[in-house]
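Please open the structure in your viewer and keep the selection tool at hand. The tour goes from stop to stop, saying at each one what to select and what is there.

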Amino acid sequence: MSRNEMTSRQDKLEAFGRLLDILDELREKCPWDRKQTTGSLRPQTIEEVYELSDAIMRGDDREISKELGDVLLHVVFYAKIGAEKGAFDIVDVIDRLCDKLIYRHPHVFGEVHVDGADQVVKNWEELKTKEKDGNRRILSGVPVSLPPLLKAYRMQDKARAVGFDWEERPQVWDKVAEEMGEFRVELGKMDASDPSAVRRAEGELGDLLFSIVNAARLYDLNPDTALEMTCAKFRRRFTYLEEHTIRRGRSLKDMTLAEMDAIWDEAKTLENEGKL
């Protein structure tokens with residue numbers, strides 16, 4: 001039996017109540033906690049979410065549990081500050097979430113029938129629009145501050161939910177090829193001393209990247225996860241290259257590209273064998 005199965009509902013409620021009590025005391029007695037505002041917490045919240053993301057990427061359940069606790073602390077902290085201002089409290093936060101979940105899942109809590117996950121997503125987007133009396137725009141739910149790669153993916157996904165998408169997945173490759181061609185044309189004309197030419201090239205590069213994100217989405221691949229995996233792979237291999245060079249008493253700056261490539265290939269071999 002798992003720990004979750006052994007933990008009773010009362011135990012969960014008591015654990016959450018303990019957290020609320022601890023935060024109340026910290027807010028009253030700790031100088032650092034007392035001075036915090038929603039504005040001062042925001043950068044730390046972003047950092048905590050990225051740390052949770054790192055733990056998830058590593059598949060480290062212990063760290064995931066720890067980082068979820070840190071994120072939960074921030075949720076409760078914001079609610080505490082809201083209560084002090086008389087704006088909202090943790091009950092408002094939870095009740096609004098529960099109401100939203102029930103409203104957006106009529107196939108679970110109502111009489112609506114769905115044919116699969118895609119239909120759930122489509123209904124979700126339609127219901128979100130109705131929440132704003134029909135004035136909510138499809139892309140308004142995509143935060144402006146999202147990293148561009150994630151933002152592109154989410155915008156395309158939301159457009160798909162209302163039918164704005166390719167009819168067949170392979171069609172996207174014509175668009176990728178078109179954008180690649182336009183980018184190469186602008187590169188060929190680009191003059192680094194001409195800001196407008198640089199902007200045109202950047203614009204075409206953006207179009208190319210956007211089309212690649214679209215292709216990934218159509219094939220059920222998350223481009224952010226894929227790029228993160230490649231970044232981690234590059235870090236492992238380059239670190240091996242650097243450490244191997246240091247052990248030889250040499251500097252990367254003094255090595256030829258061929259010498260570095262040879263060590264890089266060693267790293268790839270070790271990685272494929274599960275030794276790196």
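Rings of Phe, Tyr and Trp (for Trp its six-membered ring) are taken as a pair if their centres lie within 6.5 Å, and the pair is called stacked when the planes are under 30 degrees apart, edge-to-face when they are over 60 degrees apart and tilted for the rest. This is a predicted model, in which local features need pLDDT of at least 70 and side-chain atom pairs count only at pLDDT 80 or more, while totals for chains, interfaces and linings use all residues. Residues are numbered from 1 along each chain as its sequence is written, and side-chain values use heavy atoms, with hydrogens and water left out.

**First stop: aromatic rings**

Select Phe234, Phe238 and Trp264, which form one aromatic cluster. An α-helix has 3.6 residues a turn, so residues three or four places apart point the same way. Phe234 is partly exposed, with a relative accessible area of 49%, and Phe238, at 33%, is partly exposed as well; the term covers what falls between buried, under 20% relative accessible area, and exposed, over 50% (1.4 Å probe, protein chains only).

How many aromatic pairs does the structure hold? There are 3 of them, and another one to select is Trp173 with Tyr219, whose ring centres are 6.0 Å apart and whose planes stand at 40°, so the pair is tilted. Trp173 belongs to helix α10 (residues 172-189) and Tyr219 to the loop between α11 (195-218) and α12, so the pair ties together parts that are 46 residues apart in sequence. Trp173 has a relative accessible area of 43% and is partly exposed, and Tyr219 is partly exposed at 30%.

Most residues other than glycine have a negative phi, and most peptide bonds are trans. Is Asp220 buried or exposed? With a relative accessible area of 67%, Asp220 is exposed.

Now select helix α9 (residues 148-161) together with helix α12 (residues 223-247), which pack at an angle of about 150° with their axes 9 Å apart. That makes α9 roughly antiparallel to α12, since angles over 145 degrees count as roughly antiparallel, under 35 as roughly parallel, 65 to 115 as roughly perpendicular and the rest as oblique. The axes are lines fitted to C-alpha atoms, for helices over the stretch in contact, and the angles run from 0 to 180 degrees between N-to-C directions.

To see where the helices meet, show Leu149, Leu150 and Tyr153 in α9 and Pro223, Asp224 and Leu227 in α12; contact means heavy atoms within 4.5 Å.

Tyr153 deserves a selection of its own, for this residue of α9 is buried, with a relative accessible area of 17%. Leaving aside neighbours within four places in sequence, Tyr153 is in contact with Val213, Arg217, Leu221, Asn222 and Pro223. The C-alpha atoms of Tyr153 and Pro223 are separated by 7.7 Å, although the two residues are 70 residues apart along the chain.

The buried residues of α9 include Gln156 and Asp157, and both lead on to Asn214, which is placed in helix α11. Asn214 is buried at 13% relative accessibility and touches Gln156, Trp166 and Val172, not counting residues up to four places away in sequence. Asn214 and Asp157 are 8.8 Å apart, C-alpha to C-alpha, and 57 residues apart in sequence. After α9 comes Gly163, whose phi is positive, near 95°.

**Last stop: α4**

Finally, select helix α4 (residues 38-58), whose 21 residues reach 30 Å from the first C-alpha to the last, close to the 30 Å expected at 1.5 Å a residue; the expected span is 1.5 Å times one less than the number of residues. The buried residues of α4 are Leu41, Thr45, Glu48, Leu52 and Ala55, and they pack against α5 (61-85). Helix α4 is followed by Gly59, whose phi is positive, near 70°.

Methods
Helix = DSSP H or I, 4+ residues; strand = E, 2+ residues; numbered from the N terminus.
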